Amino acid sequence: MGKSRRTVPEELLLLALDPTTGTTAQPQTLDLGLAGAQLVELSLAGRIVPEGDRIAVVLARPTGDPTLDHALELLRRRGSPVRAAHWIGGPRLGLRQTYLAHLERCGMVTAVPGQVCGVLPTTRYQASDDCTNAAIKQRLDTAIRTGVPPDPRTAALAALAHSVGLGKHLYPGNEGRSSRSRLRDLIRYDPLGGMVAHAVMDVQNGLPAQQNRSSQGPGAGSGAGSGRSGARAAGRAPGGRVSAPRVGVR
């Protein structure tokens with residue numbers, strides 16, 4: 001995979017960067033979104049395919065992107081298709097820092113050392129090219145404004161941005177309400193991106209843990225019987241928002 005095109009994880013992280021503070025919006029859920037974005041990118045690269053709500057490796061050849069290739073190798077080692085929600089919720093968090101370091105190596109962001117309260121060291125990140133970030137955002141704006149079905153990459157990016165709660169970061173306030181709603185609606189234009197985005201929201205709402213508990217004893221069909229649709233309905237407040245714990249910018 002060459003670097004003529006930015007990957008979906010890279011674009012998701014760039015969307016989350018706040019140009020004023022140098023921090024990322026939704027830091028706790030962004031790791032989940034980045035794990036899901038890796039699945040989308042690997043699918044676009046022809047390395048994995050969906051099998052229902054599971055992900056199967058069909059080509060283990062490296063992509064040339066070290067972060068994606070690490071994820072591909074972990075998937076390959078599973079030996080059998082894995083549920084997207086179980087993969088996204090697995091013990092591979094810390095992707096936000098991994099991708100920030102990756103973007104710094106690629107020259108897409110610049111790390112700016114600083115201090116909190118004049119004592120604690122911290123690092124903030126600034127996009128190296130504001131035009132790049134503006135172009136990514138413009139693709140979403142165009143799809144929202146025109147209603148024209150976007151390409152699968154843009155549709156998946158929109159679905160993932162919605163799933164991790166970036167809507168209020170990208171389209172804040174009451175004036176952004178309709179844009180946030182339309183951002184959510186773009187999820188229908190890419191089946192894989194939609195499936196992965198729903199898996200991200202399921203993990204936020206604790207669905208995999210619930211499934212594991214219910215499958216170990218009697219009555220397994222009652223708690224999980226409504227399945228993904230029930231969790232999604234419970235995981236959204238009026239207007240389609242995700243009811244995961246509210247997370248601020250760090």
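Tutor: In the hairpin of β1 and β2, two residues lie between the strands, and G52 takes a positive phi near 70°. The model is predicted: local features need pLDDT of at least 70, side-chain atom pairs count only at pLDDT 80 or more, and totals for chains, interfaces and linings use all residues. Residues are numbered from 1 along each chain as its sequence is written, and side-chain values use heavy atoms, with hydrogens and water left out. Helices (H or I, at least four residues) and strands (E, at least two) are DSSP runs, numbered from the N terminus.

Now the pairing. β1 and β2 run antiparallel and are joined by four bridges. Two strands pair if DSSP finds at least two bridges between them. V49 has A56 of β2 as its bridge partner. On to the next strand: β2 (residues 54-57) pairs with β3 over two bridges, again in the antiparallel sense. There, I55 stands opposite V82 of β3. In general, strands of a sheet pair through backbone hydrogen bonds, either parallel or antiparallel. Here the three strands form an open sheet, ordered β1-β2-β3, with antiparallel pairing. β1 (48-51) and β3 (82-83) are the edge strands, each pairing on one side only.

A helix covers this sheet's strands by contact. Helix α3 (residues 66-78) packs on the sheet and touches β1, β2 and β3. Its direction makes about 95° with that of β2. Contact means heavy atoms within 4.5 Å. Axes are lines fitted to C-alpha atoms, for helices over the stretch in contact, and angles run from 0 to 180 degrees between N-to-C directions. R78 belongs to α3. R78 counts as partly exposed, at 42% relative accessibility. The cut-offs are under 20% relative accessible area for buried, over 50% for exposed, and partly exposed in between (1.4 Å probe, protein chains only). R78 and A56 lie 22 residues apart in sequence, yet 9.5 Å apart in space, C-alpha to C-alpha.

Setting aside residues up to four places away in sequence, L39 touches I48, I55, L75, A84, W87, I88, L192 and V196. L39 is also among the residues with the most contacts inside the largest nonpolar core, along with L12, I88 and L166. That core has 55 residues. A nonpolar core is a set of buried Ala, Val, Leu, Ile, Met, Phe, Trp, Tyr and Cys residues joined through side-chain atoms within 4.5 Å. The elements giving two or more residues to it are α1, α2 (27-44), α3, α4 (84-88), α5, α6, α7 (152-163) and α10 (191-204). α2 gives the most, with eight residues.

T29 also sits in α2. T29 is buried, with a relative accessible area of 7%. Beyond its neighbours within four places in sequence, T29 is in contact with V164 and Q204.

Two helix pairs complete the view. Helix α1 (residues 8-16) packs against helix α5 (residues 95-105) at an angle of about 95°, with axes 10 Å apart. That makes α1 roughly perpendicular to α5. Roughly perpendicular covers 65 to 115 degrees; angles under 35 count as roughly parallel, over 145 as roughly antiparallel, and the rest as oblique. P9, E10, L13 and L14 of α1 meet R96, Y99, L100, H102 and L103 of α5.

α1 also meets helix α6 (residues 130-146). Their axes come within 10 Å and cross at roughly 100°. α1 is therefore roughly perpendicular to α6. E11, L14 and L15 of α1 contact T132, N133, I136, K137, R139 and L140 of α6.

Last, the whole chain. The secondary structure comes to 13 helices and seven strands. Of the 250 residues, 46% count as buried. Among contacts with a separation of 6 or more, 68% join residues 24 or more positions apart.
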